[in-house]
Amino acid sequence: MEVCENLIDKIHRSCTGGGIHFATPLSSLRTNEFDLVRGVLQMLQGLSSSLFQWDDTGQCFHFNTGIYVTHLSKTSLYRILDQFTYAATFLQMVDNLVNKIENSKSLTPPTLRAFACTVRTWLRRIRDVALKEEVKVNSPNGSTAVTILGLSSSLSSLCSGAEYLFQIVHGAVPPFYFEPDAYVPAADIAVHILNHLYVKLNEVCLVQGGEEDAYRMLLYIFVGSLLPYIESLDSWLFQGTLDDPFDEMFFVANKKIAIEEAEFWEMSCQPRLAMYEKLNFVDFALEYLPSAKEKKDMDTTSRAPISFSNMDTGKQENTKDFQVCPFFIKDIAKAIISAGKSLQLIRHAPTRSLSADDVENGSSIAGLTLSEVFCVSLTALIGDGDHIADNLWPDGKHLIGSIEESQSKKFWQNLLDDTLSQKRNIKGGSNSHNLKGLEVNSVGTHCPENPALTVCHGILQDNRDSWSSLNIYQAFKLPPLNDECLRQAIFSDNRSVVKNTDFTSGFQFGELERLRFLEDAKMLEIMLPFPTLLPSFQEDLQISEVLPFQNNCTLPSRILSWVQNIDPKSTPLPAAILQECLTFYIKKQADYIGRTMLSKLLHDWRLLDELGVLRGIYLLGSGDLLQHFLSVVFNKLDKGESLDDDFELNTILQESIRNSADNVLLNTPDSLVVSITKNVGFTEDEQNSSSVSVSTPRKGRGQNSGMDILDSLKFTYKVSWPLELIANLEAMKKYNQVMSFLLKVKRAKFVLDKVRRWMWKDRGTATTKHKRHYLLEQKLLHFVDAFHQYVMDRVYHNAWRELCEGVAAAGTLDEVIEVHEAYLLSIQRQCFVVPDKLWGLIASRINSILGLALDFYSVQQTLSSGRAISAVEARCVKEMERIEKQFDDCMSFLLRILSVKLNVGQFPHLAALVTRINYNSFYMSDGGVLVTSTSRSA
């Protein structure tokens, strides 16, 4: 048989004249183009053939070496086949990776499982293209034959799509995830997948010609992988429940801390830390997202900012704290955690002003879950370019019905109306299905124990006459649920037992056994009605289209099917998609919960009233609430008595509260307790000498009657729950620090008032020496009175007004806590008790002057006793001179520090203090020149 001359022979003869001959290919390797095309199409579907085989060792497809066709050179043929083998290899490697995920021994986390499911669906979609081509090739009615060159042209998009799908999957799931000893936490792998898909979608969103499939592919996989994460956010934001059994969320709940504990707000939910070192969570936000400043400018919220003069600017959100968090929600991560915890408090705490319905109104968005709203908004944005977020949640209120009617509805409008209609039917319809399944009257009745019954609901309704024949109880005699006889028949050596299980020869038991058998048979009928009923089968039918409407299932499934075939009207950036379709609703819900929380704080829990009690106690602003207690304590200190009996001090305190006109501030007198803390500001020698009486004025400050003894007084007030989340233990420590300082001012004023009364009695014996004492007493008293007035104006009144304004402007409990902390920092600064170098210098001089007032009191007490001998009186005069010199030195230092323009500019309250203590420029002129004692005497 003569072989036809092929293309290679023709080229050879034309170039060489036929003198030199090529090696003749083996005829057994000659391939029919039809078989070659069919083998390529099968290979693209993951199937091996006689021409193309899968190499498990090399993890690739390869074709038989030496195959050829008559009309193509080997080089051209192999280049074409390489294109297909590469594509088939990519698809098979993707298939193998998805199989590893699905067949993993451990339970697959939701995000990884959703990612594998979407990849599997898109892989099937790509392979279906090859399947359709194979059907066309094998069709007997095919009018045109498919060539390998034509197949290369028609399947070019398939090959590029296969390679791009492999790149996505290979980058999203790191290879070491499948190592035998590797343990990658679910949160780490979920964040890695979502971040990777986000970046890839960001790269491909600026679609060029012919790249629509790549955008569709990434959008489909990204949306499908993100849905489980959104469902967890939905349960947290709208129910206050952390439904995260696989620990995928970016925060972790501490179940050991109960909601009633004071540490609940700070410790119950903490950002999750990255546990796997090989996953480097790069901060993609710096490259792909707008800067923080731009985002701040883009914020269109209408809520007024918190204006607090001494707000701690250093307490800003640090996104590095959220290591295992998708970077596209890092900016709102703290708000998400706060909203869920606030919702738990709202539902747990007793309510007076808000009804339960008010809280339940925020349990959904227009009756849809967060994932369903995300899908509807995505459909409107991608399909029609519509921004519907404001329509679904206008002015912070949930949508009651559907969007306004129009003559021609868009796809997303029909989808929304259909979804809301089904939800209303499920919510309002009566569930007339009983356990037997024999009463199926309402449309869309769901039978979870038998899905086949649900799917065949329409068939059953149309064929009621067949129900008796379909019921297995009417057709057969079932064995009893008690299988003891059956076990004996199988495992016993006595063959006579077998007849007891032969139901074809009649029932072999007594009456009681027969009744029990009938009950068991009826129970089986109730548990499994119509067990032989099978639904009709349709190719490529989504299970969500068959079963009744299910939350977080039916609508997302329809949207994902729609994304596969949509021709997008626009290809927005992923940042725009998430902002419009997800973060907008999260922020709205967080604001809604924040407003509800603020309302409860102010009305139900009476936050300002409780803070007013703390203000009255710890800032000594309650009038005479502690007047009797302080008088007794100060008198005991003046007598040199020790304060080491907690019971005695609390008895005096309770008596002072009961006899006070402000006792209504406290629910019960014993809600405020005072205790003595040991070893505060004293050495061991000073404590041992506390019983020694005061013999000289110089010893007064170092003994039990000194100012430092007041630091040992600790007042404890039990703040009611849940307000102790705001006024926590750390805040109470700060309150006690401020109170200790104010007690020192109060003590100085107390002793100077006593000195003034003594000196007023001795005014008839005035001498030059006494006049100097009068002048020193007036300077000390002026400083203490001026400083006390400054404290009352700045700390008690101004700071409180700023606190009230800050609480009114706050939107969340976190902001209320920040306002309260800023309030505490403000009063600490104004009382100079913050751990700061500048404030420490000022506080040391103020405490020195307060101590000088106590020294002056001790000296004057010795002089007024009338029993001082000349030697002691001389020492008292020298002590007066020392007190006056130290007072002048302290005032000079204070005025220099307080008058620095930089300090005054940063802290305006310092200017007010300078004005008060330097009244009429007594110590320092307007030009900043200190006035000495000599010049004042002149």
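Helices α30 (729-761) and α31 (768-809) each supply at least two residues of the lining of the second largest cavity. The model is predicted. The largest share of that lining comes from α31, with three residues.

The cavity's volume is about 50 Å³. Across the structure there are seven cavities of 30 Å³ or more. Empty space of this kind is found by rolling a probe the size of a water molecule over the atoms.

Which residues line the second largest cavity? They are L619, L620, L742, V745, H788, V791 and M792. Six of the lining residues are nonpolar and one is polar. No charged residue takes part in the lining.

**Helix pairs**

| Helix pair | Crossing angle | Axis separation |
|---|---|---|
| α12 (333-348) and α25 (574-604) | about 40° | 9 Å |
| α2 (33-44) and α4 (110-138) | about 155° | 8 Å |
| α3 (74-102) and α4 | roughly 150° | within 10 Å |

Start with α12 and α25, which pack at an angle of about 40°. Because of that angle, α12 is oblique to α25. The crossing of α12 past α25 is left-handed. On the α12 side, the contact uses A335, I336, A339, S342, L343, L345 and I346. These meet I586, A590, I593, T596, M597 and K600 in α25. By class, the contact of α12 with α25 has 10 nonpolar residues, two polar and one charged.

Next come α2 and α4, whose axes lie 8 Å apart at an angle of about 155°. An angle over 145° counts as roughly antiparallel, so α2 is roughly antiparallel to α4. The α2 and α4 crossing is left-handed. From α2, the contact draws on F34, V37, R38, L41, Q42 and L44. From α4, it draws on R127, A130, E133, E134, V137 and N138. How many charged residues are in the contact of α2 with α4? There are four, with six nonpolar and two polar residues.

Helix α4 also packs with α3, and the two axes cross at roughly 150°. Here too α3 passes α4 in a left-handed crossing. The α3 side presents L91, Q92, V94, D95, V98, N99, I101 and E102. The α4 side presents L112, A116, V119, R120, L123, I126 and R127. This contact of α3 with α4 counts nine nonpolar, two polar and four charged residues.

Most residues other than glycine have a negative phi, and most peptide bonds are trans. Two sites depart from these patterns.

Is the peptide bond from W721 to P722 cis or trans? The bond is cis, with omega near 5°. P722 sits in the loop between β6 (713-717) and α30. Helix α30 is also one of the elements that line the second largest cavity.

The other site is R606, which is not a glycine but has a positive phi of about 50°. Where does R606 lie? It is in the loop between α25 and α26 (607-618).

Note on methods. Residues are numbered from 1 along each chain as its sequence is written. This is a predicted model: local features need pLDDT of at least 70, side-chain atom pairs count only at pLDDT 80 or more; totals for chains, interfaces and linings use all residues. Side-chain values use heavy atoms; hydrogens and water are left out. On a 1 Å grid over the protein atoms alone, a cavity is a set of points where a 1.4 Å probe fits but cannot get out, and a pocket is an open set with protein on both sides within 12 Å along at least five of seven lines; lining residues have an atom within 4 Å of a point. Grid points are joined across faces, edges and corners, and a volume is the space filled by probe spheres set on the points. Helices (H or I, at least four residues) and strands (E, at least two) are DSSP runs, numbered from the N terminus. Ala, Val, Leu, Ile, Met, Phe, Trp, Tyr, Cys and Pro count as nonpolar, Asp, Glu, Lys and Arg as charged, and the others, Gly among them, as polar. Axes are lines fitted to C-alpha atoms, for helices over the stretch in contact, and angles run from 0 to 180 degrees between N-to-C directions. Angles under 35 degrees count as roughly parallel, over 145 as roughly antiparallel, 65 to 115 as roughly perpendicular and the rest as oblique. A crossing is left-handed if the near helix is turned anticlockwise from the far one by less than a right angle, and right-handed if clockwise. Contact means heavy atoms within 4.5 Å.
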